[in-house]
Amino acid sequence: MISRDTARGSSAWRGEESLPPPRSPLSAVTWGECAYLLSSWVPGLISFVYVLTWFYVGALSALTVVGLPVLAFGLLGCRLLGRVERMRARALLAVEVDEPSPTRALRRSGFVSWLWAVLKDPVGWRSALFGVVHLPWALLTLVVTLTAFFVAWPALPWLTRCLSHVDRALVRVLLSPSDELERRIAELESDRVSVTDTASADLRRIERDLHDGAQARLVALAMDLGLAKEKLTEDPETAARMVDEAHGEVKLALQELRDLARGIHPAVLTDRGLGPALSSAAARCTVPVTIDIDLTTRPAPAIEGIAYFTTTELLTNISKHSHAHHATIDIWRTDNRLMLQVTDDGHGGATPTNGTGLAGLAERLTAVDGLLAIDSPHGGPTTITAELPWRDRDGSRHENKREGKTGR
């Protein structure tokens with residue numbers, strides 16, 4: 001299964017195991033730790049004074065209307081101080097901590113909503129706590145490090161490593177993103193925008209297809225039938241020819257409507273599932289396609305629909321861009337995921353940036369906790385793997401359950 005951390009490209013903390021061991025003479029890492037320990041008292045003092053002053057003024061004025069805005073703006077300042085400390089830790093301690101998501105308060109409407117959202121911001125409050133607890137520790141490490149420079153120089157690398165580990169722990173505990181839930185909220189907000197944009201684009205496409213295709217043809221058909229009605233008594237032969245042409249237009253209009261309905265949601269997918277639906281789609285592909293579906297049960301309709309349209313879009317790309325002679329579709333279930341793999345023997349070089357629509361496809365899959373992996377070296381072959389969450393048709397999800405093919 002594709003690693004979620006690899007697909008999302010999220011940054012991770014670099015733990016202590018990635019640091020070189022302390023040694024003498026001092027290494028670059030040890031010099032960085034010494035610089036952090038000797039300089040921490042300056043930003044620590046600034047943060048300590050800022051937090052105490054802000055909280056004292058805000059708490060005293062909280063009895064009035066003015067106090068709550070003071071607390072809110074003070075929390076935004078604490079966020080800024082936390083960002084500075086993360087930058088110092090990144091530069092001098094070689095510790096990477098993800099930046100917290102921007103406060104959602106700025107996206108809300110209304111001052112009261114903004115105020116309440118900022119006051120509930122856990123990142124700001126934990127940054128304020130860091131500013132309070134870090135100064136005493138920074139003063140202690142300053143004294144210990146300065147003393148070691150003169151009386152315990154050989155032990156300095158090991159001493160600074162132990163002291164800096166405490167700073168690393170403080171930064172990770174108090175200045176990291178709130179928790180997985182906070183980051184998940186930010187991801188869901190981004191996914192919601194993607195889903196909304198996709199739905200709007202689909203509605204515009206359907207409206208355009210109806211207006212430029214079937215609607216225009218039906219309007220012309222109505223006009224032709226009106227003219228045929230007028231000529232029915234005067235020129236029956238011409239009227240019959242016009243009715244015959246109108247009959248042909250009706251057939252074309254019905255075909256366009258069927259194609260449009262198939263693009264929205266094919267009836268064969270609802271009635272018979274992925275196998276027959278993809279067989280029908282593969283028959284329309286300009287490249288011979290082999291289909292291998294190993295599913296003992298059908299997934300939820302929404303997941304089934306996404307899998308279908310993902311496959312049909314990949315088949316369209318193969319027809320338009322790959323110059324392939326053969327393609328294969330493999331679908332199976334592993335654990336709680338639905339896996340979909342499309343391979344072709346074309347010239348390769350497929351990327352999300354060359355106009356094949358793969359970027360939009362990846363966004364749609366991400367919106368439902370899915371992933372898209374592309375392996376397409378120049379010269380081919382191209383293998384595109386999509387991973388979707390498995391949900392049963394009753395809407396439930398099952399963990400640690402294996403069916404069908406368990407590896408690829």
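## Salt bridges

Arginine 79 and aspartate 121 form a salt bridge, with 2.6 Å between the closest N and O atoms; the term requires a side-chain nitrogen of Lys or Arg within 4 Å of a carboxyl oxygen of Asp or Glu. Arginine 79 belongs to helix α4 (residues 67-92) and aspartate 121 to the loop between α5 (111-119) and α6 (122-151), so the pair ties together parts 42 residues apart in sequence. Helices (H or I, at least four residues) and strands (E, at least two) are DSSP runs, numbered from the N terminus. Arginine 79 is buried, at 15% relative accessible area, and aspartate 121 is buried at 9%. Here buried means under 20% relative accessible area, exposed over 50%, and partly exposed in between (1.4 Å probe, protein chains only).

The model is predicted: local features need pLDDT of at least 70, side-chain atom pairs count only at pLDDT 80 or more, and totals for chains, interfaces and linings use all residues. Residues are numbered from 1 along each chain as its sequence is written, and side-chain values use heavy atoms, with hydrogens and water left out.

## Other charged pairs

The count of salt bridges comes to 9. Arginine 90 pairs with glutamate 99, the closest N and O atoms being 3.2 Å apart. Arginine 90 is partly exposed at 25% relative accessibility, and glutamate 99 is partly exposed at 32%. Both residues belong to a salt-bridge network that links Arg86, Arg90, Glu96 and Glu99.

Glutamate 387 forms a salt bridge with arginine 337, with 2.7 Å between the closest N and O atoms. Glutamate 387 lies in strand β5 and arginine 337 in strand β3, so this pair ties together parts 50 residues apart in sequence. Glutamate 387 and arginine 337 are both buried.

## Helix α4

The 26 residues of α4 should span 38 Å at 1.5 Å a residue, and the end C-alpha atoms are 37 Å apart, which agrees. The expected span is 1.5 Å times one less than the number of residues. Alanine 94 follows α4 and has a positive phi, near 55 degrees.

## Nonpolar cores

The largest nonpolar core has 30 residues. Such a core is a set of buried Ala, Val, Leu, Ile, Met, Phe, Trp, Tyr and Cys residues joined through side-chain atoms within 4.5 Å. The residues with the most contacts inside this core are Leu274, Tyr308, Leu314, Ile318, Ile331, Leu338 and Leu340. At least two core residues come from each of α11 (274-283), α12 (301-322), β2 (327-334), β3 (337-344), α13 (358-366) and β5 (382-389). The largest share, 6 residues, is supplied by α12.

Leucine 340 has contacts (heavy atoms within 4.5 Å) with Ala307, Thr311, Leu314, Asp330, Ile331, Ile384, Thr385 and Ala386, leaving out residues up to four places away in sequence. Another core, of 12 residues, lies apart from the largest one and includes Leu37, Val97, Phe130 and Leu163.

## Cysteines and a loop residue

The structure holds 0 disulfides, a disulfide being a pair of cysteine sulfur atoms within 2.5 Å. Cysteine 34 is buried, at 2% relative accessible area, and cysteine 285 is buried at 13%.

Threonine 351 lies in the loop between β3 and α13 and is partly exposed, at 31% relative accessible area. Threonine 351 and isoleucine 374 are 23 residues apart in sequence, with a C-alpha to C-alpha distance of 7.4 Å.
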